Structure formats: structure tokens, C-alpha cells
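Reader: Could you walk me through this structure, starting with the chain as a whole and moving on to the ligands and the helix packing?

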Amino acid sequence: MRRLRVLIPVVLLAASISLMALEASAETAGKGAAASSPSKLSAPGRAPESAGRRLFVQGCSSCHGYDAEGVKGAGPSLVGVGEEAADFYLRTGRMPLDRPGEEPIRTPSPYTPAQIRALVAYVGDLGGPPIPEVNPEDGDLAEGQKLFTENCAGCHQVVGRGGIMPGAVVPDLAAANALDVAEAVKVGPYVMPSFDQLDQSEIDDIAAYVGYIHHPEDKGGWGIGHIGPIPEGMVAWLLAGVALLFTIRLIGERTTR
Ligand code: HEC
Ligand code: HEC
């Protein structure tokens with residue numbers, strides 16, 4: 001009991017010291033963020049800022065620079081990336097990124113569609129390619145499968161389920177629509193290469209195939225979740241093993257009778 005009486009104040013003291021340390025570090029982190037995020041407002045006498053410009057200064061300039069010229073170690077220049085890249089990264093929620101250095105992944109965007117349009121227009125005004133066209137309904141499925149197998153399946157798997165590669169998670173393409181495909185192929189997000197050699201009809205073919213693999217007909221029978229040949233093989237072994245045991249047992253029972 002006496003030991004407990006000594007222990008309680010000691011524990012309380014330790015807890016309050018660590019709380020104080022936490023608060024102090026949070027405060028310095030907050031100060032760092034405030035210092036790096038620009039608080040400049042448009043100079044008096046200049047034309048009023050567009051909605052896109054305002055959103056950019058608030059949400060993007062800490063990494064991409066006040067005039068989108070890039071910040072070393074935080075984010076690349078957006079001059080010349082065009083509406084193409086801006087639309088892809090914003091619509092798929094890849095931007096704004098939480099921390100520089102992490103892989104941008106598909107997430108629900110914090111922006112409304114109108115805000116996204118405004119931001120895309122702002123980045124587009126800095127130069128670069130427009131939002132690409134894509135017509136999956138004109139695409140050829142067989143050709144798309146061939147092109148996808150040659151160019152994309154190495155990372156995304158034949159059925160688009162994605163996987164892991166050194167330094168990156170390759171996304172499942174289940175959420176990707178035709179425009180995402182056309183933009184991704186041209187932009188080459190993160191470690192994905194861009195495929196400038198593909199022409200419009202080939203992009204339409206690939207977009208048609210990606211649309212198709214969202215709901216593949218399982219021609220070969222049971223798809224087992226489309227998770228690839230190794231688990232499929234394991235399921236086959238498991239079923240075969242059970243069947244074998246059953247047969248052995250049947251035979252065994254006959255001979256002992
Ligand atoms: C070297 C590996 C690699 C190859 C080859 C590749 N990709 Fe990708 N792909 C990725 C990675 C990694 C990402 C995620 C990028 C990111 O995090 O921003 C990605 C993202 C995508 C996305 C966005 C998915 C989403 O949910 O937002 C689409 C669409 C896509 N790829 C299509 C393709 C197509 C079509 C091809 C072939 C023409 C292809 N990829 C070839 C690695 C690859
Ligand atoms: C925490 C830092 C950070 C913030 C905030 C951020 N970005 Fe980025 N952004 C990056 C990094 C890092 C990359 C490079 C990622 C890659 O290679 O895929 C990038 C890439 C991009 C690209 C693709 C550039 C290219 O070369 O194709 C666009 C477009 C973009 N960001 C737009 C925006 C917009 C618009 C916002 C604000 C809504 C924003 N970003 C907020 C760090 C950030």
C-alpha cells in the first residue's frame with residue numbers, strides 16, 4: 001500500500017511531463033507548417049484572383065510553390081503538365097497529397113466537382129496538354145486485351161487486380177473509368193511510365209478492355225476472386241486432396257469388410 005502511494009505521484013508526474021513534451025512538439029510542428037504555407041494575399045491593384053488560383057494557394061502551394069514552379073523536396077513544378085495531369089490527380093483524389101514522398105493513391109477528393117474544375121483550369125492556364133478524349137465504345141476488346149497484356153499486365157496483372165512492385169503499390173483498376181485510363185496512360189503517374197507510343201484507337205481499345213475486366217465473364221469456369229494462378233492452384237490442390245482422401249477412405253472401408 002505504501003509503495004503504491006509513492007508510485008502514483010511518480011506515474012502522474014511522468015505522464016504530465018510527457019504530455020507537456022507532446023504539446024511542445026505539436027506547437028513547433030504547427031509553427032513549421034505556418035511558416036512554410038504562404039500567407040501572401042493578392043497585392044492591391046492586381047486583378048482579382050480566380051477561384052482556382054485561390055484554391056491553389058490554399059491547398060497546393062506549400063508543395064508546388066506559390067506560382068506552381070515547384071518546391072525542392074516537396075513537389076514538382078506544374079508548369080506545362082496541363083489539364084491532363086491536373087484532372088487525373090485531382091479527380092482521383094491523389095492531390096492534395098498529405099506528405100511529400102508518399103505514393104499518391106486514389107481517395108475521395110476533398111474538393112467539389114466545381115472546385116476541381118477551377119483548379120484544373122488554373123493548372124491548365126500554365127500550359128500543357130488538355131484533358132484527353134477517350135471513346136471506349138469504339139474500342140476493340142480483343143485488341144485491348146492484347147495491348148493490355150503487352151504493356152500493362154506486368155504491373156497491373158492480366159485482370160487488372162494490381163499488386164506490389166518495388167517502391168509502389170500498383171492499384172486495382174476496378175475503380176478506374178475510361179478517362180482515368182486515358183489520362184494515366186498519357187501522364188504516367190508516380191512510377192508508372194507514360195505510353196506516348198499508343199495512339200487514340202489503341203487507347204480506346206485498352207479503355208474498352210479495362211471496362212470489360214470490371215465484370216469479366218468467367219469463361220474458364222470458377223474465377224476464384226481473380227486473384228491469380230498461385231491461389232487458384234492452391235484451391236485446386238485443396239479440392240483434389242479432399243477428393244483423394246474421400247476415395248482412399250471408400251477403398252479402405254471396402255477391403256476391411
Ligand atoms: C511499371 C508498372 C506499371 C505499368 C507497366 C503500368 N502501370 Fe498503371 N499504374 C502503376 C502504378 C504504380 C500506379 C499508381 C500510381 C500512383 O500511385 O499515382 C498506376 C496507376 C494506374 C491507373 C490509375 C488507377 C486508379 O485507380 O486511379 C490506371 C488507370 C493505370 N495505371 C492504367 C495503366 C495502363 C492502361 C497501363 C498499360 C498501358 C499501365 N497502367 C501500365 C504501375 C504501372
Ligand atoms: C504534400 C505535398 C503536396 C501537396 C499539398 C500537393 N501536391 Fe501535387 N504533387 C506532390 C508530389 C510529391 C507530386 C509528385 C507525385 C508523383 O510523382 O506522382 C505531385 C504531383 C502533382 C501533379 C502531377 C505532376 C506531373 O508531373 O504530372 C499534379 C497535377 C499536382 N500534383 C497537382 C496538385 C494540386 C492541384 C494540389 C492542390 C490541390 C496539390 N498537387 C497538392 C506533392 C503535393
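Reader: What percentage of the residues in the chain are buried?

Author: Happy to start there, and please keep in mind that this is a predicted model. A residue counts as buried when 20 or more other C-beta atoms lie within 10 Å of its own. The chain has 257 residues, and the buried share of them is 22%.

Reader: How many helices and how many strands does the chain have?

Author: Reading from the N terminus, the order of elements is α-α-α-α-α-α-α-β-β-α-α-α. Counted by type, that chain has 2 strands and 10 helices.

Reader: Thanks! Which element gives the largest share of the shell around ligand 1?

Author: The shell around ligand 1 holds 29 residues, with Cys 152, Cys 155, Ala 184, Pro 189 and Met 192 the closest. Three elements supply at least two residues each: α7 (153-156), β2 (168-170) and α8 (178-187). The largest share, 4 residues, belongs to α8.

Reader: Between which domains does ligand 1 lie, and why?

Author: By class, its shell has 4 charged, 4 polar and 21 nonpolar residues. Residues of that shell come from both domains, so ligand 1 lies between domain 1 (49-131) and domain 2 (136-212).

Reader: Now ligand 2: which element contributes the largest share of its shell?

Author: There are 25 residues around ligand 2, and Cys 60, Cys 63, Gly 75, Ala 85 and Met 95 come nearest. Two or more residues are given by each of α3 (61-64), α4 (82-91) and α5 (113-125). The largest share is 4 residues, and the element that provides it is α4.

Reader: How many residues in the shell around ligand 2 are charged?

Author: Domain 1 (49-131) and domain 2 (136-212) each give at least three residues to the shell around ligand 2. Sorted by class, that shell has 20 nonpolar and 4 polar residues, and the number of charged ones is 1.

Reader: On to helix packing: are α6 and α9 roughly parallel or roughly perpendicular?

Author: Helix α6 (residues 141-151) and helix α9 (residues 200-212) have axes 7 Å apart, at an angle of about 95°. Angles from 65 to 115 degrees fall in one class, so α6 and α9 are roughly perpendicular.

Reader: Which residues of α9 does α6 meet?

Author: By class, this contact has 7 nonpolar, 2 polar and 3 charged residues. On the α6 side are Leu 141, Glu 143, Gly 144, Gln 145, Leu 147 and Phe 148, and they meet Glu 202, Asp 205, Ile 206, Ala 208, Tyr 209 and Tyr 212 of α9.

Technical notes. Residues numbered from 1 in each chain as written. Chains lettered and ligands numbered in written order. Predicted model: local features only at pLDDT ≥ 70, side-chain atom pairs only at ≥ 80, totals over all residues. Near = placed C-beta within 6 Å. Nonpolar A, V, L, I, M, F, W, Y, C, P; charged D, E, K, R; others polar. Domains from an automatic or database assignment. Axes fitted to C-alpha atoms, helices over the stretch in contact; angles between N-to-C directions. Parallel < 35°, antiparallel > 145°, perpendicular 65-115°, else oblique. Contact = placed C-beta atoms within 7 Å. Buried ≥ 20, exposed ≤ 12 C-beta atoms within 10 Å, placed from the backbone.
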